[in-house]
Amino acid sequence: MENGQLELLITRYPALSVCGMDIYAAFEIMKSSFQHGGKLLICGNGGSCSDSEHIVGELMKGFCKKRPLPCELRERLKEINPGEGEMIATALECGLPAIALSAHTALNTAFANDKNPDLIYAQEVIGYGNPDDVFWGISTSGNSKNVVYAMQVAKAKGLKTIALTGRNGGKVAKIADVSIIVPFQETYQIQEYHLPVYHTLCLMLEDAFFEN
């Protein structure tokens with residue numbers, strides 16, 4: 001389980017030492033998914049919704065490392081656009097594919113209006129989810145209905161599942177393949193400790209896929 005980023009996290013936040021094994025297990029699940037052409041589907045509510053979009057931002061572009069495009073793709077862009085291909089190829093970065101399920105306002109509001117608002121994320125898992133993918137549900141209580149239902153659908157479709165939660169882990173911790181339960185009770189404290197956890201996971205993934 002040795003990993004410099006994880007060791008640094010626990011040094012800076014000793015209370016998270018109880019989560020170390022689970023953080024590493026979540027990293028391995030996502031690493032394997034990305035290696036096999038999978039993607040990450042992630043969701044939450046309120047602050048956890050913001051966190052899910054934050055995570056997508058760290059994965060889909062450079063976080064702490066440069067992520068230059070492969071030479072073959074760079075050359076193809078220059079062939080297609082001789083005048084600006086070099087600029088495009090230099091500006092763009094490689095990403096690890098991740099989708100925040102909260103970001104589809106028209107779809108989510110249409111489904112909530114026509115069907116059941118508790119199933120908006122589950123509907124997106126139906127549409128997006130494949131067995132090589134990972135579903136990551138964030139819920140400070142672990143009992144957010146829309147996250148629970150989405151995780152159940154993800155399990156039914158064969159996705160690997162990760163829960164990021166607090167308190168006693170709630171319902172999502174009982175369903176997920178890996179549950180990272182930060183040892184706090186108050187929502188704001190749970191959210192404060194979720195941020196260094198997911199930043200560390202993003203750093204670990206970036207280290208795994210991109211050179212210095």
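This is a predicted model: local features need pLDDT of at least 70, side-chain atom pairs count only at pLDDT 80 or more; totals for chains, interfaces and linings use all residues.

Trainee: Which residues have the most contacts inside the largest nonpolar core?

Mentor: Met30 is one of them, and the others named are Ile23, Leu40, Ile55, Leu59, Trp136 and Leu201, in a core that has 38 residues. Helix H10, which covers residues 187-209, gives the most to this core, namely 7 residues. There is also a second, separate core of 18 residues, and it includes Leu41, Phe135, Ala150 and Ala163. As a general point, nonpolar side chains tend to be buried together in soluble globular proteins.

Trainee: Okay, and the sheet? In what order do the strands come?

Mentor: The order is S2-S1-S3-S4-S5, with 5 strands forming an open sheet in which the pairing is parallel. The edge strands, each pairing on one side only, are S2 (98-100) and S5 (178-181). On average, and with direction ignored, neighbouring strands of this sheet are turned by 15° against each other.

Trainee: What packs on the sheet?

Mentor: Helix H2, residues 20-35, packs on the sheet and touches S1, S3 (134-138), S4 (160-165) and S5, and its direction makes about 135° with that of S5. Helix H8, residues 145-156, lies across S1, S3 and S4, and it runs at about 165° to S3.

Trainee: Let me go strand by strand, then. How many bridges join S1 to S2?

Mentor: There are 3 bridges between strand S1, residues 40-43, and S2, and the two run parallel. To find one of these pairings on your screen, look for leucine 40, whose bridge partner in S2 is alanine 98.

Trainee: And how many bridges are there between S1 and S3?

Mentor: S1 and S3 pair over 4 bridges, in the parallel sense, and here cysteine 43 has glycine 137 of S3 as its bridge partner. S3 also pairs with S4 in the parallel sense, over 5 bridges, and phenylalanine 135 has threonine 161 of S4 as its bridge partner.

Trainee: Is S3 mostly covered or mostly uncovered?

Mentor: It is mostly covered, since 5 of the 5 residues of S3 are buried. The cover is on both faces, with Val134, Trp136 and Ile138 buried on one side and Phe135 and Gly137 buried on the other.

Trainee: Which residue should I look at for a contrast: is alanine 91 buried or exposed?

Mentor: Alanine 91, which is found in helix H5 (residues 85-91), counts as exposed because its relative accessibility is 56%, and exposed means over 50%. Alanine 91 and alanine 106 are 15 residues apart in sequence, while their C-alpha atoms are 30 Å apart in space.

Trainee: And arginine 167, where is that found?

Mentor: Arginine 167 is found in the loop between S4 and helix H9 (170-175), and with a relative accessible area of 32% it is partly exposed. Its phi is near 55°, a positive value in a residue other than glycine.

Trainee: Stepping back, how many helices and strands does the chain come to?

Mentor: The chain comes to 10 helices and 5 strands, and its C-alpha trace spans about 55 × 50 × 30 Å along the principal axes. Its radius of gyration is 18 Å, which agrees with the value near 17 Å that a compact globule of 212 residues would have.

Trainee: What percentage of the residues count as buried?

Mentor: Of the 212 residues, 46% count as buried. The chain exposes about 10,400 Å², of which carbon and sulfur atoms supply 53%. Finally, among contacts with a separation of 6 or more, residues 24 or more positions apart account for 69%.

How values were computed: Residues are numbered from 1 along each chain as its sequence is written. Side-chain values use heavy atoms; hydrogens and water are left out. Two strands pair if DSSP finds at least two bridges between them. Axes are lines fitted to C-alpha atoms, for helices over the stretch in contact, and angles run from 0 to 180 degrees between N-to-C directions. Contact means heavy atoms within 4.5 Å. The radius of gyration is taken over C-alpha atoms; the globule rule is 2.2 Å times the number of residues to the power 0.38. Buried means under 20% relative accessible area, exposed over 50%, partly exposed in between (1.4 Å probe, protein chains only). Accessible areas come from the Shrake-Rupley method with a 1.4 Å probe; for residues, only the protein chains shown count as cover. A nonpolar core is a set of buried Ala, Val, Leu, Ile, Met, Phe, Trp, Tyr and Cys residues joined through side-chain atoms within 4.5 Å.
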